[in-house]
Amino acid sequence: MNKVRKVMKTIDATRGRFFSVRFVKRTTGETRRMVARTGVRKYVTGEGMSYDPRKRGLIVVWAADRQQYRMIPAENVVSITFRGKEVKF
């Protein structure tokens, strides 16, 4: 199983609960730590996206610190911490 699939599987296993993720930003190359969760439906307009982010290796999350949706590039994830367990990639 490749890294992108492992990352997506690990995040899917959180089932919408909060987790911490460290990844390298595509634009600046800096490492970012984010507390986020998946499955949030607040502020969704029902319009949808014009593309499927998962096909592009992106994971849509709700960033707790900014109270906004963000996308995490799965290939740049360094580690995920959930329920006290850290998984490194």
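Two rings of Phe, Tyr or Trp (its six-membered ring) count as a pair if their centres lie within 6.5 Å; planes under 30 degrees apart are stacked, over 60 edge-to-face, and the rest tilted.

**Entry 1: the model.** I noted that this is a predicted model, in which local features need pLDDT of at least 70 and side-chain atom pairs pLDDT 80 or more, while totals for chains, interfaces and linings use all residues. Residues are numbered from 1 along each chain as its sequence is written, and side-chain values use heavy atoms, with hydrogens and water left out.

**Entry 2: aromatic pairs.** I searched the whole structure and found two aromatic pairs. Tyr43 and Trp62 are stacked, at 5.8 Å centre to centre with 25° between the planes. Tyr43 lies in the loop between strand 2 and strand 3, and Trp62 lies in strand 3, 19 residues apart. Strands here are DSSP runs (E, at least two residues) and helices are runs of H or I (at least four), numbered from the N terminus. The other pair joins Trp62 and Tyr69: the centres are 4.9 Å apart and the planes stand at 75°, so I recorded this pair as edge-to-face. Tyr43, Trp62 and Tyr69 form one aromatic cluster.

**Entry 3: accessibility.** Which of these residues is buried? I applied the cut-offs for relative accessible area: buried is under 20%, exposed over 50%, and partly exposed in between (1.4 Å probe, protein chains only). Trp62 counts as buried because its relative accessibility is 7%. Tyr43, at 57%, counts as exposed, and Tyr69, at 30%, is partly exposed.

**Entry 4: strand 3 and its partners.** I found five of the six residues of strand 3 buried. Two strands pair if DSSP finds at least two bridges between them. Strand 3 pairs with strand 4 (residues 68-73) in the antiparallel sense over six bridges, and Trp62 stands opposite Tyr69 there. In the hairpin of these strands, with four residues between them, Gln67 takes a positive phi near 55°. Strand 2 and strand 3 are also antiparallel, over two bridges, with Ala36 opposite Ala63.

**Entry 5: the core.** A nonpolar core is a set of buried Ala, Val, Leu, Ile, Met, Phe, Trp, Tyr and Cys residues joined through side-chain atoms within 4.5 Å. The largest has 16 residues, and Phe19, Val21 and Met34 touch the most other members. Helix 1 (3-12) and strands 1 (19-24), 2 (31-37), 3 (58-63) and 5 (77-82) each give two or more residues to this core.
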